[in-house]
Each structure stands twice: as C-alpha cells, then as structure tokens.
Amino acid sequence: MHLKIRLAAGAAMGLWMGAAAAQSTEGGLALAQQKACMACHQVDSKRVGPPLQSVAERYAGQGEAMVGYLAEKIRGGGRGAWGVVPMPAQAQVSDQEARQLALWILSLAPAKAEN
C-alpha cells in the first residue's frame, strides 16, 4: 500500500514539475523582448550574441543545474564562452525572471530523435 502511495506521489510531483516548467516558458519571448535580451540575441540567428537556439542546443539535457547556471549568467554576465564579446550583467532582470528566461531558452532546443 505504501509503495502505491509513493508511486502516486512521485507521478503527481512529475506532472506538477512539468506544468511549472511549461508555465515558466510561457511568455519567454515577450519577457526577453521586455528585458532587452533581443537587442543582442535573436532566436535563430547571430546578432551580437549567439542565437538562443544555439545556447539551448549546447546546454540541452543537462538538468536543473543548467537552469540555475544560465539564470546566473543572465543576471551576472559572462565572457569567453561564446567568443570575445562579453555579455554584460543584466541587473534589471530579477532572479525569478532570469530563471524564467533560462527555462524558455532551454525549451528552444530541438527534440532529439531516439534510436
């Protein structure tokens, strides 16, 4: 009986986490436009910074830690990962917004075909 409860709780948690991720990615493009991300990035072509799809492809499938890593890079900036042009810190982006943007960016990775 306890095993059934644990399995049901685990399934419910998985559904909830999937729904939370979907909500976080809704409006990602609008948030990116509002926070001026699109001044340097485009979804599928290079501008000043790399295409957001390329960022998604590089970091796809690396789990929750990658969301935190990208959110930190959005807020704190970075240099050297994508060439010589540094990404300035984006202090106008809250921690929650940076996390939403990171989830949205990662959602842009194309689905991998299963063998």
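A salt bridge here is a side-chain nitrogen of Lys or Arg within 4 Å of a carboxyl oxygen of Asp or Glu. This predicted model holds 3 of them.

**Stop 1: Lys 35 and Glu 97**

Select Lys 35 and Glu 97. They form a salt bridge, and the closest N and O atoms are 3.3 Å apart. Lys 35 sits in the loop between α2 (28-34) and α3 (52-59), while Glu 97 belongs to helix α5 (residues 95-107), so the pair ties together parts 62 residues apart in sequence. Is Lys 35 buried or exposed? Lys 35 counts as buried, at 13% relative accessibility. The cut-off for buried is under 20%.

**Stop 2: Glu 64 and Arg 99**

Glu 64 lies in helix α4 (residues 64-76) and Arg 99 in helix α5, so parts that are 35 residues apart in sequence are tied together. Colour the two by accessibility. Glu 64 is partly exposed, with a relative accessible area of 47%. Arg 99 is partly exposed too, with 34%.

**Stop 3: Asp 95 and Arg 75**

Next, select Asp 95 and Arg 75. Their side chains meet in a salt bridge at 2.8 Å, N to O. Which helices does the pair link? Asp 95 is in helix α5 and Arg 75 is in helix α4, and the two are 20 residues apart. Asp 95 counts as exposed, at 58% relative accessibility. Arg 75 is partly exposed, with a relative accessible area of 29%.

**Stop 4: the largest nonpolar core**

Now select Leu 70, Ile 74, Leu 101 and Ile 105. Of the 23 residues in the largest nonpolar core, these four touch the most other members. Show α2, α3, α4 and α5 as cartoon: these are the elements that give two or more residues to this core. Which element supplies the largest share? That is α5, with 7 residues.

**Stop 5: around Ile 74**

Centre the view on Ile 74. Leave aside its neighbours within four places in sequence.

Conventions: Residues are numbered from 1 along each chain as its sequence is written. This is a predicted model: local features need pLDDT of at least 70, side-chain atom pairs count only at pLDDT 80 or more; totals for chains, interfaces and linings use all residues. Side-chain values use heavy atoms; hydrogens and water are left out. Helices (H or I, at least four residues) and strands (E, at least two) are DSSP runs, numbered from the N terminus. Buried means under 20% relative accessible area, exposed over 50%, partly exposed in between (1.4 Å probe, protein chains only). A nonpolar core is a set of buried Ala, Val, Leu, Ile, Met, Phe, Trp, Tyr and Cys residues joined through side-chain atoms within 4.5 Å. Contact means heavy atoms within 4.5 Å.
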